[in-house]
Each structure stands twice: as C-alpha cells, then as structure tokens.
Amino acid sequence: MKAISHVAGRAIPFGRKNVDTDVIIPAHWLKTITREGLGKGAFEAVKKEAGNVFDDPEFSGAPILIAGDNFGCGSSREHAAWALLDMGVTSVIAPSFSDIFSGNAFKNGILTVALPQEAIDRLMEVAQTDPIEIDLETQTVTTRFQDRYSFEIDPFRKHCLLGGLDEVGLTMAQDDAIAAHEAKARDALPFLAKTPATI
Amino acid sequence: MLREKACRFPLNCGSGAPNRAFTMTTKPRTLYQKIWDAHVVDTRDDGTSLIYIDRHLVHEVTSPQAFESLRVAGRPVRRPDLTLAVPDHNLPTTARKDAAGHILPITDPESAQQLAALKKNAPEFGIRYIDATDAEQGIVHVVGPEQGFSLPGATIVCGDSHTACHGGIGALAFGIGTSEVEHVLATQTLLLKQSKSFEVRVDGKLGAGITPKDVVLHIIGVIGTAGGTGHVIEFRGNVFEEMSVEGRLTVCNMAIEGGARAGLIAPDETTFAYIEGRPYAPQGEDWAKALAWWKSLATDEGATFDKTIALRAEDIQPTVTWGTSPEDTSAIGGVVPAPEDFADASKRDAVKVSLDYMGLTPGTKLTEVEVQNVFIGSCTNSRIEDIRAAAEVLKGRHKADNVKWAIVVPGSGLVKAQAEAEGLDRIIIEAGLEWREPGCSACLAMNPDKVPAGERCASTSNRNFTGRQGPGSRTHLMSPAMAAAAAVTGRLTDVRELVG
C-alpha cells in the first residue's frame, strides 16, 4: 500500500447521493484477475449522461472526488476502490460512506474524508474552478479562499495510511495471540474450531 | 465461586486472560455482543479488535487478487479447513454437460479465466472446492447453510456483501473486500471496530400471501438504504420466530440493502432442526456442546440496543420496488410516486433521475406496469421454499405473451434435485418458464443471463441499481410468488388475486 499524507489538486464535483459500487464499477468489469486497468470502466453509466463531470477535461486525472451521502453502498467489490485509484482518485470527500467501501478504500490507500453537507456544498462550488487540499497529518481540508474544514479519522487507519503499512503483515506478527485463541476455542467451542475431516 | 457462577459462556471461562473480551460480565448482552465477545483475539487501545473468523466462503470474483498476493508474499492459508470455495457469479446457468456427459466449455474467455483461477487456487492452498459440475455446487450463500458449513454463533465472511444472509441461522456474517479476503486467508482474523446494534422488531400477524421478501422490502422502505450504516441489525419479534430458516436467510440477506453490514436472527429450535445432520454440521459430543452454547446466545432480557424500530406485521402488503434503490418500495396496490412526494431535496432529484431511468410516470398504478422479463433466483430467493412458492402460482397457468424471457434458477444443485423430486420443474416448464442450472444468474449480469436495455424485469434478487441486471435494465424487486404472478399476467400483479 502506498503511503498517503497530502492530497492536493482538482476535485471532481460529482455530488450525487447513494452512489453504489455498481455505479462506480459495473459487474461486467469484475472478471479480471488483477487490480489494474479498471479506470476505463469507472462510472460507465454516468459517463453516458450528456455533460457528465467525468468527461469534462477540466477534471481529467483529478485526485479528489466529491460525492453525496452514503457513497459506495451496495456490493462489497473492492474493484470500486481499484477503479478509483486507476482513474487517479486518491481521496473521496462525502458526508458519509458505506462501511464496506470505506474499509476497502482504506486498504488501498484511498483517504475517505467525511464532512457535513454544508462543507460539501461549499467544496462542490470551489471545485468548479479551483483545487482543494487535504492534509491527513492535521486532518484538514482547505481551499485558497481560506475555507478550512477539520475531519475525523480512526487513529489506527491514519497511522497505517501515513506509513503505507501492510495490515496482513501487522496481523501475522500477532500469531501467538491468534494461536492462543485457537487453543482456547478448541476446548470451549470445538464445533466452531474445526470442520469434519471426512468431507 | 462467583466467577464460576457468573459464567454462562464457555470461552469466558478462560484463566484470567487480561483481555477485555474474556473478562466476566453479568451485564445483559445482545446476541451480537455475545458472538463478538467469543471471537475477540485482541483489542487495541483505540477500540479496534482482532476478530477470529470461523468460516470463510470463497468464490471466483473477489478472490483471484487475494490468492495472487499470498503467492507473491509466500504466505500460506492459515486454516484451509475452515475455508470453502465454490464458483457461482460467472457460471452460465445453461447446461454444463452435453448429452454424452462431457463438460461444456465456458465461452466467455474472461469468465473462463476467473473460474479456472479458483479451480487452480483452491487446491494449491489446500482449500476444499466444490466444482461447477458437482451436485453440491450453488450460490455460496445457499451452499453455506445447506452444507451445515455456516453455523449459529460463528463468524462467517465472504468477499460478497450478501454474506449478511447467514445471519438467518444466527451467525455473525458479513461481506468483505478482496484485501480482507487476503487478510482472512493469511491470518483467519479481521481487524474490526464493533458496530452499533439496531433492533428491528416486527410483531403481529402477517396477512395471507405475505412472504419474508415482502417483510424485508417493507423494512428497507422504512429505514432507507443508509438506515443501518454502522450497525448490525437484529431482527426480532414473533414474525421472525415463526419464519422458516429459508425465510430468515432471505431477510438477513438484504440487511446490507438497509446499510447494515450484518443482520441476525437468534438461533432456535427451528434453526437446530435445520442444521442437524447436514454434512459439515457438528456430530455426536460436539453436537450436544453446540446445542448448549447456541441456546445461550439469544439476546438477554434487559440488553439494550443503540437504535430500535418496531413495525406491525399487519401493515405489510405484497411489496415491489419502483425505482433504482432498494428503499424505493411500495405496496403493490400503490402508484408510482412523484419526486414532489419526497421532503428531502436530494431524494427528489434522485427520484427524478430514477423514474426517468425506469421509464415510469408518477401516478401510474403499479399493477399497470408491464414486464418483459422474469427472474426467479439469486441468493435472496432461490431456496426450495422459493421454488415451491413460485410453482404454486404457476401451476396450471402459463406465462403471458408479452413476457419474452422468464427463468427460474435454483440456488444449488441440491435445491434443483429437491425441486425436481417434487415435480416443480415440470410445473415451471409447462408454464413456459425456463428451468436452469444453479448460479447467481441475472442478479448481477456477470454471466450470460442479462435483462436487455430498456426492458423491465420482475426479479426476486436484491438490488434494483442502475444497470444491475445489464446495461439499461429496469428491475422491480419482489417475492418469488409475486414474480411468478407477474410472469402469468405480464405486469406487476398482486399475487393474492391469483392464489388464496
């Protein structure tokens, strides 16, 4: 995972609410066995709408996406996060995110920033003409017009994002604790701790 | 000794582990809390916990990148014995063998590649694998409970959001992304923050012809698609207590459509009777131990939830969706709403876009909306009860002429065999519908089963998202009985007019 601390640049003023992961990347793009190349399929249906922001050359390669409430709801497909990364988006700002998407985003080094709707409305306005800056260290979103919004982030996620840490490796280092739990479960809950060997 | 007395839960009887999860507690707990506590490996200062995963279901779409990462890092699968792989999303639902019994190739090269990757990865990492042509193959969320692989009180994950389904047998089950699939394969754990708890009560008497699907669509219509975000839902009340396991699986399956990563229904005698004797179910001494523990899992009296709503069963009608979000529900007797009917400005905009996409005019009676396609299947509604409910409506009837494509897709090979043993396939075929091989099928347009652009589908699946059943497809979600009724009349129909 790539470390992330500061994101600055143009922001795609998408703004739509309840954007599901089928919209971010439709199912027929999920037949891949790698993580790359999904940017082409990102927001495929939206791109068919005349005058959509994704086809506006102004926002081509923009590192930030601004959306409405409940971004990333629906399917658990991590391809949604890979598609965003592939189109160059490394941070999404929205009033709220689905639980699964925000986890997937985090694990791919995408910074999700939750801000109140008023802030979103203002940033949507700024995004039309000017860049936006997000600083993870200070947990702030700023613009050149002196706008300044603070956001909350889970300390562990912040730590991992700043360091680009591999969560699997971190957990594998806790092997003793996992083995101890397994030993305890073998006695207490043997029916969960194993499956019949004969199948 | 007080410690002995207070202990109602075997894992908590450990010898003085410093961990919070293993400390004694007499505070009333919810079902969710009890399962959570039994699986905490470690808790950090920031409240993140390392949670042990008892069962991991793997399918072909969300696993290739996870296996590849393990291979690159030289990491083995920690507990292949707790992992089960089965292909479902990509598989065509047409015949898998020719008349001579030879396996037919998958024509889509990308699907073939993904299916081949699972078939290669599973044995390479020592994981049990059910092949496309095995009798037990099916949709992971049908196969898990059916095989007894999914158990009450277990933590169950799969790289698929409808893993919430397994909550119907009282398991804490939720969907994960591919990085988490890799994490579970490598460590058999997940790093999680505990969710809030949300009690959804439905009490009273359901009217004739009202099915579990109507119940869950009604609930999502009330709470909205973000109503359960950050929460685990426990469905409570006599309606769920009286429901079959199949019905409970349908309800919990769609918890994710209400924004909740997991849904739960307390395991009871109905659950135990369902599980006993299944291939992966505990046996002998283990079965007795399991029963004793499972019976202790129900939410304690006096336990509190972070959020509660209570609905009346009598208010639930046969329910369909009219828009492109599962919260866009209406009783079948209703009309297509107008954007102005909604107080929230952004919802008004969404409804406008949605109605345009759906080709619907406000004020139109839902029963006047014609459908060209019917899909009965998916992890929500492809179990034997669902096939029976559809067949009951189809018996002695025929699909309408304007219905061009109507398929019934059993959730597994075993459901298919059972339905055929009961003669349901004949009823379905005689009614002019197709009887297919098990798989995810037209739920998500990853395989050849798709709804053409601009056409409508009466569908028993779980998502009516834009393009979900194929680019430009228009989905109306409903129960199997309602979808069968739509097949017969060629329009959205109140099934009670045909049956009962």
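**Chat on a two-chain predicted model**

Modeller: Start with α7(B): 11 of its 12 residues are buried, so α7(B) is largely enclosed by the rest of the structure. Buried means 20 or more other C-beta atoms within 10 Å of the residue's own, exposed means 12 or fewer, partly exposed is in between, and C-beta atoms are placed from the backbone. This is a predicted model: local features need pLDDT of at least 70, side-chain atom pairs count only at pLDDT 80 or more, and totals for chains, interfaces and linings use all residues. Residues are numbered from 1 along each chain as its sequence is written, with chains lettered from A and ligands numbered from 1 in the order in which they are written.

Biologist: Which residues of α7(B) are buried?

Modeller: Among them are Pro212(B), Lys213(B), Asp214(B), His218(B) and Ile223(B).

Biologist: What span does α7(B) reach, first C-alpha to last?

Modeller: 17 Å for residues 212–223, close to the 16 Å expected. That expectation is 1.5 Å times one less than the number of residues. Helices (H or I, at least four residues) and strands (E, at least two) are DSSP runs, numbered from the N terminus.

Biologist: And what follows α7(B)?

Modeller: Gly224(B), with a positive phi near 85°.

Biologist: Switching to sheets. What is the strand order in the open sheet of chain B?

Modeller: β5-β4-β3-β6-β7, 5 strands with parallel pairing. Strands β5 (128–129) and β7 (172–175) are the edges, each pairing on one side only. Two strands pair if DSSP finds at least two bridges between them.

Biologist: How many bridges join β6(B) and β7(B)?

Modeller: 4, in the parallel sense. Ile156(B) stands opposite Ala173(B) of β7(B).

Biologist: Now the interface. How many residues from each chain?

Modeller: 70 from chain B and 53 from chain A. Contact means C-beta atoms, placed from the backbone, within 7 Å.

Biologist: Which element gives the largest share on the chain B side?

Modeller: α6(B), with 7 residues.

Biologist: What about the core? Which residues touch the most other members?

Modeller: Ile64(A), Ile66(A), Leu84(A), Val374(B) and Ala390(B), in the largest nonpolar core of 208 residues. Helix α16 (480–489) of chain B gives the most to this core, 8 residues. A nonpolar core is a set of buried Ala, Val, Leu, Ile, Met, Phe, Trp, Tyr and Cys residues joined through C-beta atoms within 7 Å.

Biologist: Last one. Is Thr129(A) buried or exposed?

Modeller: Exposed, because Thr129(A) has 8 C-beta neighbours inside 10 Å. Thr129(A) lies in the loop between α4 (117–127) and β6 (132–135) of chain A.

Note on methods: Two residues are in contact if their C-beta atoms, placed from the backbone, lie within 7 Å.
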